[in-house]
Amino acid sequence: MTRQQDRIEPVGEKDYDEIARVWEASVRATHDFLPESDIERLAPLVRERYLPAVRLFCIRDEAQRIAAFIGLCERHIEMLFVRPDRMGRGLGRQLLLFAVERCGARSVDVNEQNPQAAGFYRHMGFRVAGRSPLDSEGAPFPILHLRLPE
């Protein structure tokens, strides 16, 4: 395990409110294709349904605030978000490498309309294995299904 990965720690229910705030700030900074009504609709779902369904890990900043987090289900990355003021510092990369190297993650789904995220995963070795015209909630936001080559 690398020194950077030593900073990665599991998080649980006591951190859900903070994680939900990081999620919302990150979505507002990166998902310009989502209308405000969808962000408002998704926010409680993230807090009440999606976070409890995954294993969560985070990196905290110097003030012990969550700077970035990742959620895993089995070998699938369900979510990876970085607080906007911490973007571009390699935190997403650290969490992704942790998920792949330590947790065996092999797949991730990403909004096709989020080229920055899709490019990040492709740069990290993921390849498009499929595409869905709707997201998991049935909304018209196409999803790319990415996989690491075996």
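This is a predicted model: local features need pLDDT of at least 70, side-chain atom pairs count only at pLDDT 80 or more; totals for chains, interfaces and linings use all residues.
Local features need pLDDT of at least 70, side-chain atom pairs count only at pLDDT 80 or more, and totals for chains, interfaces and linings use all residues. Residues are numbered from 1 along each chain as its sequence is written, and side-chain values use heavy atoms, with hydrogens and water left out.

The sheet is open and has 7 strands in the order 1-2-3-4-5-7-6, with mixed pairing. Strands (E, at least two residues) and helices (H or I, at least four) are DSSP runs, numbered from the N terminus; two strands pair if DSSP finds at least two bridges between them. Strand 1 (8-11) and strand 6 (127-132) stand at the edges with a single partner strand each, so one side of each has no neighbour in the sheet. Within the sheet, strand 2 (residues 55-60) and strand 3 (residues 66-73) run antiparallel and are joined by 6 bridges. L56 stands opposite G71 in strand 3.

Helix 4 comprises 13 residues (residues 91-103), which at 1.5 Å a residue should span 18 Å; its end C-alpha atoms are 17 Å apart, which agrees. The expected span is 1.5 Å times one less than the number of residues. Among the buried residues of helix 4 are L91, L95, F98 and C103, where buried means under 20% relative accessible area (1.4 Å probe, protein chains only). After helix 4 comes G104, with a positive phi near 75°.

Strand 4 (76-82) gives the most to the lining of the largest pocket, with 7 residues. Helix 4 supplies at least two residues of this lining.

Technical notes
Buried means under 20% relative accessible area, exposed over 50%, partly exposed in between (1.4 Å probe, protein chains only).
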